[in-house]
There are 2 protein chains.
Amino acid sequence: MVPANPPALDLTADSVAITQAICDIPSVSGDEAALAHAVVAALSDAAHLELVRDGDTVVARTNLGRERRVVIAGHLDTVPVNRNLPTRYETIDGERYLWGRGTVDMKAGVAVQLKLAAELVAPVYDITWMWYDHEEVSAELNGLGRLARHRPDLFAGDFAILGEPSNSRVEGGCNGNLRVELRAYGVRSHSARSWVGENAIHKLAPALERLAAYEAETIEVDGLAYREGLNAVGVTGGIAGNVIPDEAMLHVNYRFAPNRTVADAIEIVRDLFPEYELTVVDEAEGARPGLDAEFAQRFVQAVGGPARPKYGWTDVARFSAMGIPAVNFGPGDPLKAHADDERVATDQILSCERALRAWLTGVV
Amino acid sequence: MVPANPPALDLTADSVAITQAICDIPSVSGDEAALAHAVVAALSDAAHLELVRDGDTVVARTNLGRERRVVIAGHLDTVPVNRNLPTRYETIDGERYLWGRGTVDMKAGVAVQLKLAAELVAPVYDITWMWYDHEEVSAELNGLGRLARHRPDLFAGDFAILGEPSNSRVEGGCNGNLRVELRAYGVRSHSARSWVGENAIHKLAPALERLAAYEAETIEVDGLAYREGLNAVGVTGGIAGNVIPDEAMLHVNYRFAPNRTVADAIEIVRDLFPEYELTVVDEAEGARPGLDAEFAQRFVQAVGGPARPKYGWTDVARFSAMGIPAVNFGPGDPLKAHADDERVATDQILSCERALRAWLTGVV
């Protein structure tokens, strides 16, 4: 699957052009090899970088003996293409956009990182750049997770920046994520004699009432306000059109602020739905923004604060779990991630590059 | 598929033995040919009967010039066998049962009818016996419906008796049946930002509350009390574990008393759930018991009243729709129909035979 001649990538081009070039190398999850090869080829002559390859994950690090080390990471893969490649430029209301799959999530961020990796031969902090595979699919395939198992030493660092789309502003931490199945049971019977049975679907009424009436909290953590969400994301029940069902299931998703643990979240959901059988089907700890750390504060000031909370779960939680403060910082509106009209404002790509360059070179 | 030598059926045996014999000729819907052949063969020498065959439906009628004609019908097919054939005898709490698929629904009733068809050469009413195929499957396959299209003339009659299990007591008419799908719509969004969307599953809460709180009516029709039922029989919704769903569906079944029409029933359901999109997916008119007719009254008295209502939909509704009063009268507990431990009390077979024989011969 490895191309004999990986597409050539010119990192002396501006970061918008690099974004376009790497978007036009399709790299849907599982198919990142061509892009990973192109990255290695483009950086192989950079004497200031030590290159490490693990599967389709590429690590490039400086070893300048600086007092601090920063990890800066981005994923190479995208969700499936849906007639939105190759990229093209569009101007909407006077704003210039690069349109197409991956422009937002997150090749614009990767392009900025690649350009800075090639050019910053003497940053004020040592930098570990990481570009990884399989972010958009099942967590056990995640390239960053695999790298952490194979080479935990590469994760040494004082601070981490993930280039996930955040409109080129700092978004700290992320909410945790819990999914549970709530089950109600009844007694099956023929629907012509429904009074002989006990309808399990009807028993979901109180749970749905509570969900519909639920007012999700907004919780401040390390100075950022995290908005929670508690929602049914699925419901199933029923055997046949003439049968009173004896089982019904409500699938509930709780996005919880990072001051809570998964265990806290399970307790909250259990207390809210005490009469149902509860099965946890998915769980992920949130990540505190870590912006109380002095180093993080300086980054926020340098790139132009204030920081905002990140709602969706991102790989910052991996760094957070390893004790490394981590934030999201990348071009693109997260609401356009995965959208068929995915597009990034070219100005955001350039402002992200300027901000990161200034901070990494000590100008600010 | 027609056997060269249909199994021989001895209609001089007692009706319990005949029940066993015809249960042991498996005749799951679509596979009634062998049994239909056996029926024709067993009655072919009966000079008092005119035989008509339509597919696997067999009609046998007397033409004695009587003032009244009675239609007596039963279906030959069963639901699938589930390791409950061949039949065997069981004694439970001193009661003797014939156990196995079809014993209740409804070969005991058919056995009684076959025996009386063979033996009653001079009944006080002319009789049209009908044994038909495909009752347990989709309505458009129903052998009685097909016969009504091919030979409507055979349905002439003053009264009809269906041998469906009713514990050898008269059960009149049947409830109507309506199934609708109620749909709620919302706005899809990522569940990490649920406030951007609008949860369609949550919108089912009021419908489920109303169903859970609904007190079904009991309505007297022609002297019989019909108990209604309104129930969710299915619910679906949800796209993925991280998506706020924009559509959810509740499948509702309304079993309504035969004083109402399907149109009435639709209006009732529409009024109860005005905020949902409503799609009718199945409808069947009920059947008034017709027990106000003088002829029907005499039948009830003759076989030992009082009559009771039938809750489930049966083919009596076909006769009712043709203007022929019709009742269910057959051995077996309807709660054991389709059950894996389907079994009929042998005393009920004999008492059903005695009652029908007495009425048809003018003894009572």
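What share of the 364 residues of chain A counts as buried? In this predicted model, in which local features require pLDDT of at least 70, side-chain atom pairs count only at pLDDT 80 or more and totals for chains, interfaces and linings use all residues, the share is 58%, where buried denotes under 20% relative accessible area, exposed over 50% and partly exposed in between (1.4 Å probe, protein chains only). Residues are numbered from 1 along each chain as its sequence is written, chains are lettered from A and ligands numbered from 1 in the order in which they are written, and side-chain values use heavy atoms, with hydrogens and water left out.

Chain A comprises 9 helices and 19 strands, assigned as DSSP runs (H or I of at least four residues for helices, E of at least two for strands) and numbered from the N terminus. Its C-alpha atoms fill a box of roughly 80 × 45 × 45 Å along the principal axes. Among contacts (heavy atoms within 4.5 Å) with a separation of 6 or more, 77% join residues 24 or more positions apart.

On the surface, A:Asp264, A:Glu267, A:Asp271, A:Glu283 and A:Glu285 gather in a patch of negative charge; patches consist of residues with over 30% relative accessible area and no salt bridge, like charges being joined within 9 Å and nonpolar side chains (Val, Leu, Ile, Met, Phe, Trp, Tyr) within 5 Å. A salt bridge is a side-chain nitrogen of Lys or Arg within 4 Å of a carboxyl oxygen of Asp or Glu. Helix α6 (residues 262–272) of chain A gives the most to this negative patch, with 3 residues. A:Asp271, found in helix α6 of chain A, is exposed, with a relative accessible area of 56%.

Key. Accessible areas come from the Shrake-Rupley method with a 1.4 Å probe; for residues, only the protein chains shown count as cover. Lys and Arg count as positive and Asp and Glu as negative; His and the chain ends are not counted. The place of a charge is taken as NZ of Lys, CZ of Arg, CG of Asp or CD of Glu.
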